[in-house]
Amino acid sequence: MTTEVGSKVVSGISEGSGEYFARVGVGSPPTEQYLVVDSGSDVIWVQCRPCTQCYAQADPLFDPAASASFAAVPCGSGVCRTLPGGSSGCGAGEPCRYEVSYGDGSYTEGVLAMETLTFGDSTPVQEVAIGCGHRNRGLFIGAAGLLGLGWGPMSLVGQLGGAAGGAFSYCLASRGADAGAGSLVFGRSEAMPVGAVWVPLLRNAQAPSFYYVGLTGLGVGGERLPLQSNLFDLGEDGGGGVVMDTGTAVTRLPPDAYAALRDAFTDAVGAGLPRAPAVSLFDTCNDLSGYASVRVPTVALYFGADDGTALTLLVAMDDHGVYCLAFAASASGLSILGNIQQQGIQITVDSATGYVGFGATT
């Protein structure tokens with residue numbers, strides 16, 4: 001098995017999606033598919049023919065009958081038992097069935113198979129367990145499925161295991177039409193950026209697939225906000241905490257933290273920029289249609305006693321100059337560092353040593 005595999009990563013904005021896609025060849029010969037880069041889940045899957053229920057995707061549906069390397073996984077196999085929650089109701093002698101539901105109500109159901117995946121010009125990776133989804137529904141706009149990169153054994157990181165050194169690195173390009181492509185690389189020698197700031201990862205037995213980080217505070221305009229010290233802590237019961245998730249677009253914060261951030265940002269911007277009505281979950285928006293450029297205060301995350309990691313702040317809502325503060329209050333105790341705020345930063349997840357590195361910004 002190759003130790004270094006990688007793919008270009010593109011924004012799904014042209015498909016109407018807030019996700020990021022990797023281009024992956026599925027099967028033999030490879031059928032090129034766009035898969036959502038998702039560090040918040042494990043199971044890799046694609047929509048498959050025949051499809052009982054499928055959403056629209058940019059590429060033709062994957063046909064397992066046309067792949068020489070497709071092999072259904074038996075129900076009683078070790079791989080089938082490794083599925084999160086176990087197999088979904090299969091019997092002896094039957095193919096292993098899987099079912100995955102996501103926090104937004106999306107889901108995928110189908111059979112588990114061993115298949116070959118090809119990433120760019122890398123050597124094909126054989127014998128990867130993937131879901132062949134025959135019933136799929138949700139907000140996977142344009143993509144053929146998900147590339148699970150979570151901390152569990154069924155993710156691509158878990159399946160590559162020691163061959164990739166337990167490490168992967170990614171850089172998400174901005175959502176601009178001319179921003180170009182980002183990157184996703186597996187393998188210790190290729191995925192270790194020089195000069196990165198390393199932060200410990202935290203493990204949650206109640207959600208073992210998630211990459212939690214020890215966020216200690218927020219800052220606006222170089223000033224740290226006066227927040228409750230344990231606001232972002234991961235509780236002993238598995239509640240709370242902060243998860244890094246490339247499969248979620250908007251960063252979610254506890255209501256008290258979001259209110260403090262919003263108010264400090266609004267105060268720093270002042271009355272000079274025209275306000276605009278709220279858009280969906282965004283309640284702090286401005287009409288910048290009359291400006292060639294604007295200056296806004298920086299927002300930073302603090303991990304321990306560091307100097308803070310600067311973030312992307314605003315997201316365009318339309319083609320007419322309305323921009324909104326790209327944060328929202330969490331409906332639960334869980335905070336999520338979404339992909340908007342991860343843009344332009346070389347991020348390395350080293351699950352073998354239990355650290356995440358924030359490298360140079362681009």
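Two rings of Phe, Tyr or Trp (for Trp, the six-membered ring) make a pair if their centres lie within 6.5 Å. Keep that in mind as we work through this predicted model.

**Exercise 1. Find which residues the ring pairs link into a cluster.**

Solution. Start with the total: the structure holds eleven aromatic pairs. Some of these join up, and ring pairs link Phe-119, Trp-151, Phe-168, Tyr-170, Phe-186 and Tyr-211 into a cluster.

**Exercise 2. Work out whether the rings of Trp-151 and Tyr-211 are stacked or edge-to-face, and which parts of the chain they tie together.**

Solution. 
- Step one is the distance: the ring centres of Trp-151 and Tyr-211 are 5.4 Å apart.
- Next comes the angle. Planes under 30 degrees apart count as stacked. The planes of Trp-151 and Tyr-211 are at 25 degrees, so this pair is stacked.
- Now place the two residues. Trp-151 sits in the loop between β9 (145–148) and α2 (156–160), while Tyr-211 belongs to strand β13 (residues 211–213), so the pair ties together parts that are 60 residues apart in sequence.

**Exercise 3. Decide whether His-134 is buried or exposed, and list what it touches.**

Solution. 
- Locate His-134 first: strand β8 (residues 125–137).
- With a relative accessibility of 18%, His-134 counts as buried.
- Leaving out residues up to four places away in sequence, His-134 touches several others, among them Cys-48, Arg-49, Pro-50, Glu-109 and Val-111.
- For a sense of scale, the C-alpha atoms of His-134 and Thr-266 are separated by 47 Å, and these residues are 132 apart along the chain.

**Exercise 4. Name the residues that make a nonpolar surface patch of about 200 Å², and describe where Val-296 sits.**

Solution. 
- The patch is made by Tyr-291, Val-294 and Val-296.
- Val-296 is found in the loop between β19 (285–287) and β20 (299–302).
- Its relative accessibility is 30%, so Val-296 counts as partly exposed.

Terms used
Residues are numbered from 1 along each chain as its sequence is written. This is a predicted model: local features need pLDDT of at least 70, side-chain atom pairs count only at pLDDT 80 or more; totals for chains, interfaces and linings use all residues. Side-chain values use heavy atoms; hydrogens and water are left out. Patches are made of residues with over 30% relative accessible area and no salt bridge: like charges are joined within 9 Å, nonpolar side chains (Val, Leu, Ile, Met, Phe, Trp, Tyr) within 5 Å. Accessible areas come from the Shrake-Rupley method with a 1.4 Å probe; for residues, only the protein chains shown count as cover. A salt bridge is a side-chain nitrogen of Lys or Arg within 4 Å of a carboxyl oxygen of Asp or Glu. Helices (H or I, at least four residues) and strands (E, at least two) are DSSP runs, numbered from the N terminus. Buried means under 20% relative accessible area, exposed over 50%, partly exposed in between (1.4 Å probe, protein chains only). Rings of Phe, Tyr and Trp (its six-membered ring) pair if their centres lie within 6.5 Å; planes under 30 degrees apart count as stacked, over 60 as edge-to-face and the rest as tilted. Contact means heavy atoms within 4.5 Å.
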